[in-house]
Amino acid sequence: MKIRESVRNFNPYSPGTVDAEIRMDKNESPFSLPGELKHKIRTELENITVNRYPPSSGDRLREKLAEFHGLKKANVIVGSGSDQLISYSAGVFAGEYAVVTPPTFSMYRFYAKLNGLGVEPVPLAENFNLRMEELEEVLNKAAVVFLCSPNNPTGNVFDRGKLIKILETGVPVVLDEAYGEFADGSNMDLIESYGNLLVLRTFSKAFGLAGARVGYALGQAGTVEHLLRVKPPYNLNSFSLRIAELLLENYDLIRDRVNFLIDQREKLYSKFKHYSYSSKTNFLLMDLDADDYLLERGIAVRSFTGRLAEHIRVTVGTEEENDRFIRALRSYIHSTPESKKRVDHFKGDDQ
Ligand code: PMP
């Protein structure tokens, strides 16, 4: 049996699952579905004709998403998580490489490589904003640029002016707004002016639906059409499609929870602002090497290697979880006098 070399040498994605009482490591919602929706979902699911295939492209959900965002169905494609749409978009644009801006979400690199593209990293500046001069040098041979804003794992939003400058070059841009609901605004309005822009969104974070695997991309009809062409039929199952539709119809319930998590994020930030970067997401990046200490106390957070070694990424939890986290991290700081106080972390080289 011969295995392709690119597969033999491929580093699989490792979700790094650990057992812990409190899960603050995966940027999930800490809440299960609202009680009143659970009942509706149960009734709806009973009526699903599971012997039949779902609509091939999830058309009813596409229509509802289009209405929700003031667009047309042709501007929307749905995927099994936004992950699947990263995969499709790494496969449709021609060029030598995908540009990525680390530290950022690792799946852009993963799917670029899987699709036979090179990867050109342009690391973020010290303040985690985009380095424009370095980016502009590599755009002409790029197949696609992956930008994540608000960025995972740093939590910041990139300047809109910089995004527009990149779009003006005509290079395809995939703008991942997986955490967009936790930020103050979106750049999805730019799709009206830029056919080279695709915006990714997901039901996994704000909507609390990570287990159902539903994401979507928005773009001009002609651009979305390319993704629709390469998508396998029935990429979303009937259950996930229906649950996502119901959540969208009840967005007010979701929005209440998002607002609660934003308040909790700000509370956590204010408690640890000497160590934490400010964030427009449902997590905070902190300059503290506390992952093992927290895990010993039943709290899982995300840790890193490389530039963000000795940092932790903490997903905002329920009020009780956050209070327990606050107590544990305070005791870590007290017991670790060498903990840094990064009050000056945004003095970096903004360009
Ligand atoms: N984009 C970003 C920035 C993420 O952090 C994640 C999940 N961690 C995803 C996309 C993928 O989300 P999903 O496939 O669940 O929609």
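Biologist: Let's start with the largest cavity. How does its lining split by class?

Modeller: Four of the residues lining the largest cavity are nonpolar, two are polar and one is charged. Bear in mind that this is a predicted model.

Biologist: Which residues are they?

Modeller: The lining of the largest cavity is made up of S29, P34, A206, F207, G208, I254 and R257.

Biologist: And what volume does the largest cavity have?

Modeller: About 40 Å³.

Biologist: How many cavities of 30 Å³ or more are there?

Modeller: The count comes to one.

Biologist: Which domains does the lining of the largest cavity draw on?

Modeller: Domain 1 (5-30 + 252-335) and domain 2 (35-250) each supply at least three residues to the lining of the largest cavity.

Biologist: OK, on to the ligand. How many residues surround it, and which are the closest?

Modeller: There are 14 residues around the ligand, and the closest are S82, D176, Y179, T202 and S204.

Biologist: Which helix gives the largest share of the shell?

Modeller: Helix α4 (residues 81-92), with three residues.

Biologist: Now polar atoms. How far is the side chain of Y179 from an oxygen atom of the ligand?

Modeller: A polar atom in the Y179 side chain is 2.7 Å from a ligand oxygen. For R213, an N or O atom of the side chain lies 2.7 Å from an oxygen atom of the ligand. With N152, a side-chain N or O atom and a ligand oxygen are 2.8 Å apart.

Biologist: And how much of the ligand's accessible area does the protein cover?

Modeller: On its own the ligand has 400 Å² of accessible area, and the protein covers 91% of that.

Biologist: Switching to pockets. What lines the second largest pocket?

Modeller: Its lining consists of I48, T49, R52, Y53, P54, P55, R60, S238, L241, R242 and E245. By class, that's five nonpolar, two polar and four charged residues.

Biologist: Which helix gives the most to that lining?

Modeller: Helix α9 (residues 238-249) does, with four residues.

Biologist: What's the volume of the second largest pocket?

Modeller: About 160 Å³.

Biologist: Last topic, the backbone. Where are the cis peptide bonds you'd point me to?

Modeller: One runs from P102 to P103, with omega near 0°. Another is the bond from S149 to P150, also with omega near 0°.

Biologist: Which loops hold P103 and P150?

Modeller: P103 sits in the loop between β3 (97-100) and α5 (107-114). P150 is in the loop between β5 (142-148) and α7 (160-168).

Biologist: What about phi at N27?

Modeller: N27 isn't a glycine, yet its phi is positive, at about 60°. You'll find N27 in the loop between β1 (22-24) and α2 (35-46).

Biologist: Why would you flag things like that?

Modeller: Because most residues other than glycine have a negative phi, and most peptide bonds are trans.

Methods
Residues are numbered from 1 along each chain as its sequence is written. This is a predicted model: local features need pLDDT of at least 70, side-chain atom pairs count only at pLDDT 80 or more; totals for chains, interfaces and linings use all residues. Side-chain values use heavy atoms; hydrogens and water are left out. On a 1 Å grid over the protein atoms alone, a cavity is a set of points where a 1.4 Å probe fits but cannot get out, and a pocket is an open set with protein on both sides within 12 Å along at least five of seven lines; lining residues have an atom within 4 Å of a point. Grid points are joined across faces, edges and corners, and a volume is the space filled by probe spheres set on the points. Helices (H or I, at least four residues) and strands (E, at least two) are DSSP runs, numbered from the N terminus. Ala, Val, Leu, Ile, Met, Phe, Trp, Tyr, Cys and Pro count as nonpolar, Asp, Glu, Lys and Arg as charged, and the others, Gly among them, as polar. Domain bounds come from an automatic or database domain assignment. A residue is near a molecule or strand if one of its heavy atoms lies within 4 Å of it. A polar contact is a pair of N or O atoms within 3.5 Å; within protein, one must be able to donate a hydrogen and the other to accept it, and residues adjacent in sequence count only if both atoms are side-chain atoms. Accessible areas come from the Shrake-Rupley method with a 1.4 Å probe; for residues, only the protein chains shown count as cover.
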